[in-house]
Amino acid sequence: MEMESYLYLEDEKVKKVQYKDSYAHLIKKFPSANSNMDSYIIDNALNDKAEGKAVTFLFVNEKEDLLYGYYSRFATSINYSDDESGEFLGISSVEIKCFAINETYSGKLCEVSPSGRKLNYSDRLLMEVLMDIKYLANNYMGIEAIVLRSTERAFNFYTRNEFEPLWGTLDLPYDEFSKDCIKMYLPLAE
């Protein structure tokens, strides 16, 4: 099991912990704006972990009585057809299956970066998620991109955070849960 890690949001020390049943009440008490994702975490996250499909993490305050947000991640690939050989190929990737913040913090300013960029809570938590995945890429597994499936409402948020829509012949494996979402990626090229 991954150890807890910490970050600071404003002056609050926040823990990143792996999801377990005892945290379900926090998602119910502090829902995101997407009830489908909240339901997925409560009803399916532990089964998906047991089956090797996804691992879910929460951002909670130190007393574990406030949820800032959560995310799920899993290994996947961006699939495409090679025009020369006709073979289907893949670009190794990690998919952010769910990313949501407590609705109370949606659109709220968290901090200003040293470069002067204003960061909402959602930006700051996504930065943490991306750092986690990049750490995996640099130390444990080959990952060429980070992918996700965005709702229309979140599209500008992900674009602001350097994700691009998948285009042309690039595609992700089918996922019934997010079939109506916009497929996006962030290349990890050095």
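Select helix H3 (121-139) and strand E10 (182-187): each supplies at least two residues of the lining of the second largest pocket. Helices (H or I, at least four residues) and strands (E, at least two) are DSSP runs numbered from the N terminus. The model is predicted: local features need pLDDT of at least 70 and side-chain atom pairs count only at pLDDT 80 or more, while totals for chains, interfaces and linings use all residues. Residues are numbered from 1 along each chain as its sequence is written, and side-chain values use heavy atoms, with hydrogens and water left out.

Stay on H3, which gives the largest share of this lining, six residues. A pocket here is an open set of points on a 1 Å grid over the protein atoms alone, where a 1.4 Å probe fits, with protein on both sides within 12 Å along at least five of seven lines; lining residues have an atom within 4 Å of a point.

Next, show Leu130, Lys134, Asn161, Glu162 and Leu186, which lie nearest the centre of the second largest pocket among its 14 lining residues. Its volume is about 290 Å³, taken as the space filled by probe spheres set on the points, which are joined across faces, edges and corners.

Now move to the largest pocket, with about 700 Å³ of space. Of its 29 lining residues, select Asn34, Met37, Phe99, Thr151 and Ala154, the closest to its centre. Then colour helix H2 (35-50), strand E5 (88-101), strand E8 (145-150) and helix H4 (155-160), the elements that give two or more residues to this lining. End on E5, which gives the most, six residues.
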